[in-house]
Amino acid sequence: MTKTVIPLHQVTIRFAGDSGDGMQLTGDRFTMDTASLGNDISTLPNFPAEIRAPQGTLPGVSSFQLHFADHHIQTPGDAPDVLVAMNPAALKANIKELQRGAMIIVDSDEFTTRNLSKVGYETNPLEDGSLDSFKLHPVALTSITVAALAELNVARKDAERSKNMFALGLLTWMYHRPTEATEKFLAAKFGKKPEVLAANMAAFKAGWNYGETTEDFAVSYEIAPAKMPPGTYRNMSGNVAMAYGLIAGSKRSNLKLFLGSYPITPASDILHELSKHKKFGVITFQAEDEIAAVGSALGASYGGALGVTTTSGPGLALKTEMIGLAVMLELPLIIIDVQRGGPSTGLPTKTEQADLLQAMFGRNGESPAVVIAPSTATDCFAIALDAVRIATTYRVPVFILSDGYIANGTEPWKIPNVDDLPDLRVEFAKTQENFMPYERDPITLARPWAIPGTKGMEHRIGGVEKADKTGEISYDPTNHDLMVRLRAAKVAGITVPDLEVDDPSNDAKVLVLGWGSTFGPIAAAIEALRENGQKVAQAHLRYINPFPKNLGEVLAKYDRVLVPEMNMGQLAMLLKSEFLKDITGYNKVRGLPFSTSELMEAIMVVLND
Amino acid sequence: MTDLVLTKKDFTSDQEVKWCPGCGDYSILSTVQGYLPELGVPRENVVFISGIGCSSRFPYYLETFGIHSVHGRAPTLATGLAISRPDLTVFVITGDGDSLSIGGNHLIHALRRNVNLKILLFNNRIYGLTKGQYSPTSEQGKITKSTPAGSLDTPFNPISLALGAEATFVARSIDSDRKHLTEMLRAASAHKGSALIEIYQNCPIFNDDAFQIVKDGETKSAAILQLVHGQPIKSATHGVIYKEGGLQVVPLDSVSESDLVIHNANTPDPTYAFALSRLSSSILEHVPVGVFRDVERAEYGGLVNDQVADAIKTQGAGDLSKLLAGTDTWVVK
Ligand SMILES: Cc1ncc(C[n+]2csc(CCOP(=O)(O)OP(=O)(O)O)c2C)c(N)n1
Ligand code: SF4
Ligand SMILES: [Mg+2]
């Protein structure tokens, strides 16, 4: 049988199944094989807060979405073109997001009366016509996998567990992905368990052959490589990029990296990643709580290390008082908050941007700290490096506000050349007469970093207000006022790049200004609107405290400024109070990144206003 | 380190000491300043880290490095510093409220990890700095500003708590006993890992004479059970014997000298030191003073740094280019 091959520009696929079905692994493998073909990619894993919710239920559904294209893309895609649903729960949880005409591949073996009733299907959607507007492919995934493995003498349970590889094989065939890398990956992963390896390998091949031979799948698709700047690429998530940025920062500053951390979703992977890299001299310390985590990092900084702590919102709340001490001690400290839905435990595995004001103001007293935010997964690398620059040059606490979306999402990363990374070497204070621990550098206003072990430099510091220059305890009213202003001036004076505005028409009236992980969705929406002939400008803030020096000017140039945020208007509040500018917010807190289409709509509302 | 001829004066900072007249903190400060030259560590390699409280002002008065940090959190900073700078000698200064109330979590974890910290717990059984509320070591029924009808909580026995937290070195001393406290500092410094010294400290303002029984010439010799390694455990009038699977204090004239327990601070089983710690009640009828426990266990910072060194030895020092390049890559021309 000859099969048709249709070329496509882009596809969005969502793999969905039970938490135990291996959907994340399946998605990861498909991503790697797709990346190696040179497509641009963007991924979005979405998993439940419960580790293993009851099998086959809606709360237990885990999914992985991948958007890939023959051109540059900004987001993991809105509605999936293809849904792979491993059971009725996965179908039910995702069907609302599909558009008419989308392809649905389901494991029909799982659509038993019992499983259907678990999720409240009264009739079988595969048979009752409710999916008529979709391209439905019921495949007896489980039984074909088990049959394919019959000769291998594997337990039925192990055979069933390999069905995700069958699905991967089928999709690999459908989109003409190479098979070698997955085969190599499986060999490495299951090398020590030959039966499991054989089962996975056979299932993967069976899936591929199923596509090739059955009539159910008459069409396969090709997506040409995207035009990307030349270089060597790898797929990269925000959390790993952050960890790499910290290691790079440690290398380039020649400071020992010390991470004090307490596990919390979605930040733990930075701790996990860094703990693997001891050969870089990295010390990771899993503390008894978040206070100890940040305290240990600050203690390490005091000793001349690069002190870092990683957490999410609830943990940041606990670190508050110690960060205040860091403001007083004027020592380098990097605090990474991978934001998730709040308040309290909130939505632990979902994304949100609602810790901005906590980072800005969540301390007692006048307590300024630096706040910066990566705009994409791979930007986490650059932002971590810049946090090292700012923290060590100015001796201040620096917050990096990442979030669950870019922390777990991936995109291609052009691997940088190490020699092109900034030189971040620092100088500790050297032995000197009449040393004054709070005498400031006239340009940066930083105080000396005088570490223990430096002869003749013994001195005491602490959280009690200090006299200017000498650093001795001082309750003098004028001195306190002066020190508050000095600490503020130091942060306000930090050098950050000017805000760049992307306005090809050069006469847009509306500016869309974002911060953090909304960059991709905003850029995608604006690109689409410009293709429709709309004039709209885009700018994205990576530096929130201090703001870029030209921000006021930029805002003044536009009649309307729209600020989409995954919170109730926190950046908008800062902008309004700083610049007395009317800001239009677009605010959603659904635990999901913005979709391109909703942003297009929101921008159109302002354009037509 | 014989070329170091430092004196007590070298360890005395130029800051005016601001505790209340008669505060036990003065004598502790003087003893520590007097002991530090003997420690043989250059001043720049000594760091004192404290929390918040009257006692936590201590670092300001020492000519060493020091941090006056956050209430209860001194062990956290000290842990980060001690792990990343194993060349330093790090002391933690803390009060009974600082270490056993707000900072209880950090104290127990520093002890179980056996971080190389010398922790001096100034126990005045009261919140001094906040002007006299009861503390976690105040005896039940304590009348204070916050407990006019008497406190209801059962107090902590800091020694028992430390032992329960897997401490490898635990001792008790008294602010006014310079000689004894110096001995305890010496023993703590010789110990590798965490060492906790509980120091009974008088607060003449809010809890005067809380420890009078163990200080007063007339009562102290009977109350203090001296813990001396290799010696029978006894006071002037009482001794400690094994009884019914535990330890008991009995009048000396009711037993023969050979029945007394010979103190062995190196006893591996912590139940021995724990039983000793239970001999003191909050009315201080009998108070063991000295080193309860001194056993060897790998020091935490050493273990951490060994893992790093081992990774470098077996895998070679990290190569940043290689790390960034990874293994799963593709090339765009
Ligand atoms: C977070 C916080 N809570 C409360 C206080 C107020 N406070 C300061 S010291 C202290 C208790 C001190 O008691 P203790 O640790 O026994 O030290 P002492 O003054 O008796 O030496 C309290 C409650 C504080 N400084 N910080
Ligand atoms: S209040 Fe008590 S503990 Fe505090 S300085 Fe005065 S006497 Fe010492
Ligand atoms: Mg006290």
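First, a term I need: buried means under 20% relative accessible area, exposed over 50%, and partly exposed in between, with a 1.4 Å probe and protein chains only. This is a predicted model, where local features need pLDDT of at least 70, side-chain atom pairs count only at pLDDT 80 or more, and totals for chains, interfaces and linings use all residues. Residues are numbered from 1 along each chain as its sequence is written, chains are lettered from A and ligands numbered from 1 in the order in which they are written, and side-chain values use heavy atoms, leaving out hydrogens and water.

**Entry: the magnesium ion**

I looked up who holds the magnesium ion (ligand 3): the protein donors are B:Asp96 (OD), B:Asn124 (OD1) and B:Ile126 (O), at 2.0 to 2.2 Å. Donors here are N, O and S atoms within 2.8 Å of the metal (3.2 Å for Na, K and Ca); water is not among the atoms, so sites may look incomplete. The sequence spacing of the donor residues reads D-x27-N-x1-I. B:Asp96 sits in helix α3 (residues 96-102) of chain B, while B:Asn124, 28 residues apart from it, is in the loop between β4 (117-123) and α5 (158-164) of that chain. My helices (H or I, at least four residues) and strands (E, at least two) are DSSP runs, numbered from the N terminus.

Are these two buried or exposed? B:Asp96 is buried, at 2% relative accessibility, and B:Asn124 is buried as well, at 7%.

**Entry: the sheet in chain A**

I traced an open, mixed sheet of 6 strands in chain A, ordered β3-β4-β2-β5-β6-β7. Two strands pair if DSSP finds at least two bridges between them. β3 (40-46) and β7 (135-139) of chain A are the edges; each has a single partner strand, so one side of each lacks a neighbour in the sheet. β3(A) runs antiparallel to β4 (residues 61-69) of chain A, with 7 bridges joining them. In one of these, A:Ser42 has A:His67 as its bridge partner.

**Entry: A:Ala382**

I found A:Ala382 in helix α14 (residues 379-394) of chain A. How exposed is A:Ala382? A:Ala382 has a relative accessible area of 33%, so it counts as partly exposed. From A:Ala241 it is 141 residues away in sequence, yet the C-alpha to C-alpha separation is 8.4 Å.
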